[in-house]
Amino acid sequence: MSVLEHVAENVRRLRTEAGLSQQVLADAADVSRRMLVGIESGDANVSLNTLDRIAAALEVTFADLVKAPSNPNRDRIDALVWSGRTPGSKGVLLASAPATREVELWSWTLMPGDRYTSAADPTGWHEMFFVIEGRLVVELPDGEHAIDAGDFFVFPSDRDYAYRNDGDMPLRFIRNVAH
């Protein structure tokens, strides 16, 4: 199923659940009713800005509109949301985590055999990783999670955790902390 089909099903379902007509939602999102009909039928190629406005009008997140309707979580969305005119240009929403105060963006390098350990963060905090090079091992109370280059992982960090590099080359990854 394509992201347009996900958006169509999600917008239709969320609008219905909210008890809104197409016209009321279109007015609240500042889009034409015709555009909204096209979105709900999966026929409209919609801009990211328009999706933001529809999400705000429905009081949901952007991720709620683009994720697979069968996916109840936001920690692995992996949806191709934008394609450019040039082959290979794309925007993929990997994951989403709630944030109430701020989001931090970090660039990390762990040399072979190194390990970072952290005590639990306050409730509501999340860590999001995207591995650029190497293999990241995240240690959580429920077990270890290995994330290879090109993959990502999201978890609530309100419990003790650690991450390490078991490889023989430098590990490079992007870390977002959302709270």
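Residues are numbered from 1 along each chain as its sequence is written, and side-chain values use heavy atoms, with hydrogens and water left out. In this predicted model, local features need pLDDT of at least 70 and side-chain atom pairs count only at pLDDT 80 or more, whereas totals for chains, interfaces and linings use all residues.

Consider helix α2, which spans residues 22-29; helices (H or I, at least four residues) and strands (E, at least two) are DSSP runs numbered from the N terminus. Within α2, the residues Q22, L25, A26 and A29 are buried, a term that stands for under 20% relative accessible area, with exposed meaning over 50% and partly exposed in between (1.4 Å probe, protein chains only). These residues lie on the same side of α2 because they cover an arc of only 100 degrees around the axis, the arc being that of the directions from the helix axis to the C-beta atoms. The buried residues of α2 pack against α1 (3-17), α3 (33-41) and α4 (48-58), where contact means heavy atoms within 4.5 Å. On the face turned away from this buried side, α2 carries the exposed residues D27 and A28. After α2 comes D30, whose phi is positive, near 60 degrees.

The sheet is an open one of four strands in the order β4-β9-β6-β7, with antiparallel pairing; two strands pair if DSSP finds at least two bridges between them. Its edge strands, β4 (115-118) and β7 (143-148), each pair on one side only. Strand β6 (residues 135-140) is joined to the antiparallel strand β9 (residues 161-164) by three bridges, and V137 stands opposite R164 in β9.
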